[in-house]
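This briefing covers cores, sheet pairing, salt bridges and aromatic contacts. Please keep the sequence and the model open while reading.

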Amino acid sequence: MEKIPLLIIGSSGHAKVIIDIVEKQGKYDIIGLVDANRSIGEETLGYKVLGDETVLIKYYLESSNLHLFIAIGDNAVRFKVFNQINALDKPFNYATVIHPSAIIGKNVKIGIGVAVMAGSVINPETVIGNFSIINTASSIDHDCQVDDFATISPGAILGGSVKVGQFAVVSIGATVKHGINIGEDSIVGAGATVINHIGNNEIHVGVPARKLRNRNHGEKYL
């Protein structure tokens, strides 16, 4: 079967992981990388930077089946780039990339533009929103909901029926008790254990997790 042409937006460390997944998945043919912060011709894992977002029009006109993947780790920056692409006013298709070693349970729904990385587990009846990241060796139990542009970081664990809001991050090695809600734009710190609900725009750290402070949308966390 002919592979689908793919442009990857971004060329940093996160893009390296996406490239590796795409190559192993075997579904897409990477044309190159799009990155406004690097020079044309620079390479990441053997793939060249072709230019900034304006080159997307050229490749869209050349291939009606062109797909894009936004390989940017920061949730808010990923959303900003998505809006910049939308402003080009073309109906771009977005790839979802899933590492072959990921375990996907029955009736799991995964949106567009999602990365599901090596060794991750998504158990039955879970919903993964658009442009979210399910990172390496993370575990999401049954009936969870991870909203658009959220991130479940490497080694993080969600119990059953957990809800993670838009732009929220469950950081490396954190554990979230079953039935917990984590609000939009909130951050669960690395290694934290969450046993109580978390509101919107909050940072919680520690064992058990306690509120550290409020945060603003787009505030750096990586």
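A charge sits over a ring if NZ of Lys or CZ of Arg is within 6 Å of the ring centre and within 35 degrees of the ring normal. In this structure the charged end of Lys58 sits over the ring of Tyr59, 4.2 Å from its centre. The model is predicted: local features need pLDDT of at least 70 and side-chain atom pairs count only at pLDDT 80 or more, while totals for chains, interfaces and linings use all residues. Residues are numbered from 1 along each chain as its sequence is written, and side-chain values use heavy atoms, leaving out hydrogens and water.

**Nonpolar cores**

- A nonpolar core is a set of buried Ala, Val, Leu, Ile, Met, Phe, Trp, Tyr and Cys residues joined through side-chain atoms within 4.5 Å; buried means under 20% relative accessible area, exposed over 50%, and partly exposed in between (1.4 Å probe, protein chains only).
- The largest core has 27 residues, and Ile140, Val146, Ile152, Leu158, Val164, Val170 and Ile182 have the most contacts inside it.
- Leaving aside residues up to four places away in sequence, Val164 touches Gln145, Val146, Asp147, Ala150, Ile152, Leu158, Val170 and Ile182 (contact means heavy atoms within 4.5 Å).
- A second, separate core of 20 residues includes Ile4, Ile30, Ala115 and Met117.

**Sheet**

- Helices (H or I, at least four residues) and strands (E, at least two) are DSSP runs, numbered from the N terminus; two strands pair if DSSP finds at least two bridges between them.
- Eight strands make up an open sheet of mixed pairing, in the order β7-β10-β13-β16-β19-β22-β24-β25.
- Its edge strands, β7 (97-98) and β25, each pair on one side only.
- Strand β19 (residues 169-170) runs parallel to β22 and is joined to β22 by two bridges.
- Val170 stands opposite Val188 in β22.

**Salt bridges**

- There are seven salt bridges in the structure, each a side-chain nitrogen of Lys or Arg within 4 Å of a carboxyl oxygen of Asp or Glu.
- Lys58 and Glu62 form one of them, at 3.0 Å from N to O; they are four residues apart in helix α2 (residues 55-62), about one helical turn.
- Lys58 is partly exposed at 43% relative accessibility, whereas Glu62 is exposed at 54%.
- Arg38 bridges to Glu42, with the closest N and O atoms 3.4 Å apart; Arg38 is partly exposed at 24%, and Glu42 is partly exposed at 32%.
- Arg215 and Asp185 meet at 3.7 Å, N to O. Arg215 lies in the segment after β25 (210-214) and Asp185 in the loop between β21 (181-182) and β22 (187-188), so the bridge ties together parts 30 residues apart in sequence.
- Both Arg215 and Asp185 are buried.

**Aromatic pairs**

- The structure holds nine aromatic pairs; rings of Phe, Tyr and Trp (its six-membered ring) pair if their centres lie within 6.5 Å, with planes under 30 degrees apart counted as stacked, over 60 as edge-to-face and the rest as tilted.
- The ring centres of Phe79 and Phe149 are 5.1 Å apart and their planes are at 75°, so this pair is edge-to-face.
- Phe79 is in helix α3 (residues 75-86) and Phe149 in the loop between β15 (145-146) and β16 (151-152), 70 residues apart.
- Phe79 is partly exposed at 27%, whereas Phe149 is buried at 5%.
- Phe82 and Phe131 form a tilted pair, 4.8 Å centre to centre with 50° between the planes.
- Phe79, Phe82, Tyr94, Phe131, Phe149 and Phe167 form one aromatic cluster.
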